[in-house]
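Hi there,

Here is the structure I promised to pass on to you. Have a look at it first, and then read on for what turned up in it.

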Amino acid sequence: MSTPAPVSSMSSYAILGCGSVGHAVAEELEEEGKDVLILDQDESRVEALRDQDLDARRTDIREPEVADLVADRDVLLILASDVEANKAAVSTIRERGGDQYIIVRASDPVSEDELTDAGADVVITPSQVIAESALRALETGELEYKAQQLAEILRSGEGSLGILTHDNPDPDSIASAVALQAIAEFHGVEADILYPGDIGHQENRAFVNLLGIELLSLADEQSLDDYALVALVDHMKSGDMGIETSVDIFIDHYEPDSEFDAEFMDVRPNVSSTSTILTKYIQEFDLSPSEAVATALLYGIRAETLDFKRDTTPADLTAAAYLYPFANHDTLEQVESPSMSPETLDVLAEAIQNRQVQGSHLVSNAGFIRDRDALSQAAQHLLNLEGITTTAVFGIADDTIYLAARSKDIRINIGNVLDDAYGGIGDAGGHSTQGSVEIPLGLFTGIEASEDNRDTLLSLAEEAVRKKLFDAMGVESASESGNGS
């Protein structure tokens, strides 16, 4: 059987068995100007179709000559309610060497398998089609309802909106905030984007600078109390829900770890990025995104799905396809290829040299550091090593142990692992694929930090961090495992 041409390039069709389903398909194809031949054994039905100026012929689709009648057609839709007749038609056409693209109607999973074995390219069942249509209608209606709710809340506030990202915001968090800011301004509400930590990753800094995104640090005397409305977007990555003010809007693709309430909540764990959710709102409000907003959202989706290689859903792909024509791809290329700072390079070199591997888990010590964000970059780089599914890199700065972890192991939630290992002695947070920890150095080692005992502190911290983490992962820490080289 030769490979059929794509359906979009095909110009001639045949419908075999024209009941109510076939009739509806025939009318749609005719409206699109397609060349359609209809075959059905019911004489009165054929006459009625001819009265509508449709090319209909009386034929039993189970008969061998049906293969000759449709030989010049590119696409065959075999849609009779008699599944046995459909099987016979598919078998006859394939046995006679027909290489048309065949779409056929089944009645149940058993007949679906039989039709596939007979040579059908696509098998559909009415119940499946109805269910999918109902779900699409439900999704559309729910989004419309949610959009109305969001618009009402934005217009209800007498003042500006404060949009809070998570600590050390990543592209998905920043892009989501940028999109919500655009939606707020579309409804006549001024909005600021706020972040409580640092923007340390080179890609994230390049992302913000190249797109001209204005972010305000909460450390610079900004306060959420200054805003009439407060929104949290993509906030659950930080694992910190200790917000001391009421939250009006909460949008995320991760469920809150604890009970949380906001006037408007949209949490969709069935998509892989919060940028995808905000893109749907951009579309629902019929808001043509600016180049900066579209570029930010597209990068947010790509970054969160590792360029569509991790946990990508159909919703992520359709959102990216919508954004693609609006985005600046030269800017995306610049964002994705930033230069690596000497500090990051030093941390990565230390992490590679000091790595310890147990099975598919890697833990490494980067020593005393100046840029703690370099730890997350090192953890991400080390995740690319062959056979490694989980990485954790830690270092010491300002009398604090900082640890960054990454995981692609679907069996564990690295955020929960870090909380189990260090939650009682430090601040741990994260989710299934990434997490971070901050631990007071003296509390962890029992020794007061000073310049004279740096090496001792580092040695104690290294031993304790590794043991606690490997224990929490359920693997035995063994010094003889070496560096995995």
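K467 and D471 lie four residues apart in helix α17 (residues 454-473), so about one helical turn separates them. An α-helix has 3.6 residues a turn, so residues three or four places apart point the same way. In this predicted model, K467 and D471 form a salt bridge, with their closest N and O atoms 2.9 Å apart. D471 counts as partly exposed because its relative accessibility is 43%.

How many salt bridges does the count come to? The count comes to 18, and a few of them are worth a visit.

One of them joins R372 to E438, where the closest N and O atoms are 3.2 Å apart. This pair links distant parts of the chain, as its two residues are 66 residues apart. R372 sits in the loop between β14 (361-368) and α14 (373-382), while E438 belongs to strand β18 (residues 434-440). With a relative accessibility of 27%, R372 counts as partly exposed, and E438 counts as partly exposed at 34%.

Next, please look at D409 and R411, which form a salt bridge with closest N and O atoms 2.9 Å apart.

Charge shows up in another way on the surface, where E27, E28, E31 and E32 gather in a patch of negative charge. Of these, E27 has its place in helix α1 (residues 20-31) and counts as partly exposed, with 37% relative accessibility.

Now for some details in the helices. K87 is in helix α4 (residues 83-95). The side chain of K87 makes a polar contact with the side chain of E84, at 3.1 Å. K87 counts as buried because its relative accessibility is 17%, and the cut-off for buried is under 20%.

Helix α5 (residues 109-118) has something to show at its start and just after it. At the start, a side-chain oxygen of D108 comes to within 3.1 Å of the backbone nitrogen of V110. Just after α5, G119 takes a positive phi of about 125°.

Which residues have a positive phi although they are not glycine? D234 is one of them, with a phi of about 50°, and D286 is another, with a phi near 55°. D234 is placed in the loop between β10 (229-233) and β11 (249-252), and D286 in the loop between α9 (274-284) and α10 (291-304). D234 is buried, with a relative accessible area of 0%, while D286 counts as exposed at 69% relative accessibility.

Last stop: A379, which is found in helix α14. A379 is buried, with a relative accessible area of 0%.

Enjoy exploring, and do write back with any questions.

Best wishes

Definitions and conventions: Residues are numbered from 1 along each chain as its sequence is written. This is a predicted model: local features need pLDDT of at least 70, side-chain atom pairs count only at pLDDT 80 or more; totals for chains, interfaces and linings use all residues. Side-chain values use heavy atoms; hydrogens and water are left out. Patches are made of residues with over 30% relative accessible area and no salt bridge: like charges are joined within 9 Å, nonpolar side chains (Val, Leu, Ile, Met, Phe, Trp, Tyr) within 5 Å. Accessible areas come from the Shrake-Rupley method with a 1.4 Å probe; for residues, only the protein chains shown count as cover. A salt bridge is a side-chain nitrogen of Lys or Arg within 4 Å of a carboxyl oxygen of Asp or Glu. Lys and Arg count as positive and Asp and Glu as negative; His and the chain ends are not counted. The place of a charge is taken as NZ of Lys, CZ of Arg, CG of Asp or CD of Glu. Buried means under 20% relative accessible area, exposed over 50%, partly exposed in between (1.4 Å probe, protein chains only). A polar contact is a pair of N or O atoms within 3.5 Å; within protein, one must be able to donate a hydrogen and the other to accept it, and residues adjacent in sequence count only if both atoms are side-chain atoms.
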